[in-house]
Amino acid sequence: MAGTLYLVATPIGNLGDFSPRARETLDGVDFIAAEDTRVSVKLLNHFVIKKPLVSYHEHNRAAAGQAILARLLAGESCALVTDAGTPAISDPGEDLVRLCGENGVTVEAIPGCCAAVCALAVSGLSTRRFTFEGFLPANKKERRTALLKLQGEERTMVFHEAPHKLRATLSDMAEILGDRPVALCRELTKLHEETVRTTLAGAVALYGEREPRGEYVLVVAGAQPEEETTLTLEEGVQRVLRLREDGMKMKEAVRMVAAQTELNKNDLYEAVLQAER
């Protein structure tokens, strides 16, 4: 009989957030798969848990996943942990979960900390509908393209961001998404936890003077619902060309503009081709 894979959420800063059930699970499995064994061993030592550790991360997930699956199919149980937070959320653990599902291995979640949900809860923005976007691309062109696709997103958006990329990300967000409300949540559950509620323009100004420190979760308000816009074909072409200048592919730009207007997609596509010749 196959064993069970347990997805065990770990603290994102405060060790007091580690639940009794999570500790019992780690203490009861045959082995633990960790994103970084050096980080996880500190957690295990703190709670006096002695279990074999194997490495499972972005760069070894294909081979390590097969090795873990083989042990699970042989009847062993495994706990999957990340350095902080919930495994398989914006994390290579999703591949292991899929692999287990395809092979009839039971997967159970041991709930706990999730930075995105914590930030959303304290943001003061709408929590009724939201989308988790994780980390935006580091490359400027790719990041701007990703944001362009989110211009019309009406749900609250949640992003992760590293301090050294925060200023560039906020600048692109303010330019592409417009000056909308944002909550910047820093160092959640840690000693210097801080939530700043402002606008994207306000955040750009703030961090023009302040050095970003710590890991951030950005909670950005969704777009206001817009009525269908009436544009001339020429105006539609110009809008597509601006999106193309920001790196968006032709078909995607045409599809986006047509969806926001009354313009026929095929007519718009042909007109853009003519304009680019």
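Colleague: Which residue stands opposite Leu80 in β4?

Modeller: Leu7 does. This is a predicted model, by the way.

Colleague: What else pairs with β4?

Modeller: Strand β2, residues 31–34. Four bridges join β2 to β4, and the two run parallel.

Colleague: And which residue is the bridge partner of Ala34 in β4?

Modeller: Val81.

Colleague: Which way do the β4 residues point, and are they buried or exposed?

Modeller: Cys78 and Leu80 point one way. Ala79 and Val81 point the other way. All four are buried. In a regular strand, side chains alternate between the two faces of the sheet.

Colleague: Switching to Ser40. Where is Ser40 found?

Modeller: In helix α2, which covers residues 37–46.

Colleague: Why does Ser40 count as buried?

Modeller: Because its relative accessible area is 6%, and the cut-off for buried is under 20%.

Colleague: What does Ser40 touch, leaving out residues up to four places away in sequence?

Modeller: Ala34, Leu53, Val81 and Thr82.

Colleague: Now the largest pocket. What volume does it have?

Modeller: About 950 Å³.

Colleague: Which residues are closest to its centre?

Modeller: Ile12, Thr82, Asp83, Ala84 and Gly85. They are among the 37 residues that line the largest pocket. Thr82 is also one of the residues Ser40 touches.

Colleague: Which elements give two or more residues to that lining?

Modeller: α2, α5 (115–123), β6, β7, β8 and β10. α2 gives the most, with three residues.

Colleague: How many of the lining residues are nonpolar, polar and charged?

Modeller: 18 nonpolar, 10 polar and nine charged.

Colleague: You mentioned β6. What order do the strands take in its sheet?

Modeller: β6-β7-β10-β8-β9. Those five strands form an open sheet with mixed pairing. The edge strands are β6 (130–135) and β9 (194–199), and each pairs on one side only. Neighbouring strands in this sheet are turned by 15° against each other on average, direction ignored.

Colleague: How do β6 and β7 pair?

Modeller: In the parallel sense, over five bridges. Strand β7 is residues 156–161. Thr131 stands opposite Met157 in β7.

Colleague: And the helices? Which strands does α7 lie across?

Modeller: Helix α7, residues 166–177, lies across β7, β8 (181–186) and β10 (216–220). α7 runs at about 5° to β10.

Colleague: Zooming out. How many helices and strands does the protein chain have?

Modeller: 11 helices and 10 strands. The C-alpha trace spans about 70 × 45 × 30 Å along its principal axes.

Colleague: What percentage of the residues count as buried?

Modeller: 43% of the 277 residues in the protein chain.

Colleague: One on contacts. What share comes from residues 24 or more positions apart?

Modeller: 71%, taken over the contacts in the protein chain with a separation of 6 or more.

Terms used
Residues numbered from 1 in each chain as written. Predicted model: local features only at pLDDT ≥ 70, side-chain atom pairs only at ≥ 80, totals over all residues. Heavy atoms only, no water. Pairing = 2+ DSSP bridges. Axes fitted to C-alpha atoms, helices over the stretch in contact; angles between N-to-C directions. Contact = heavy atoms within 4.5 Å. Buried < 20%, exposed > 50% of the residue type's maximum accessible area, 1.4 Å probe, protein only. 1 Å grid on protein atoms, 1.4 Å probe; cavity = no way out; pocket = protein on both sides within 12 Å on 5 of 7 lines; lining within 4 Å. Points joined across faces, edges and corners; volume = space filled by probe spheres on them. Nonpolar A, V, L, I, M, F, W, Y, C, P; charged D, E, K, R; others polar.
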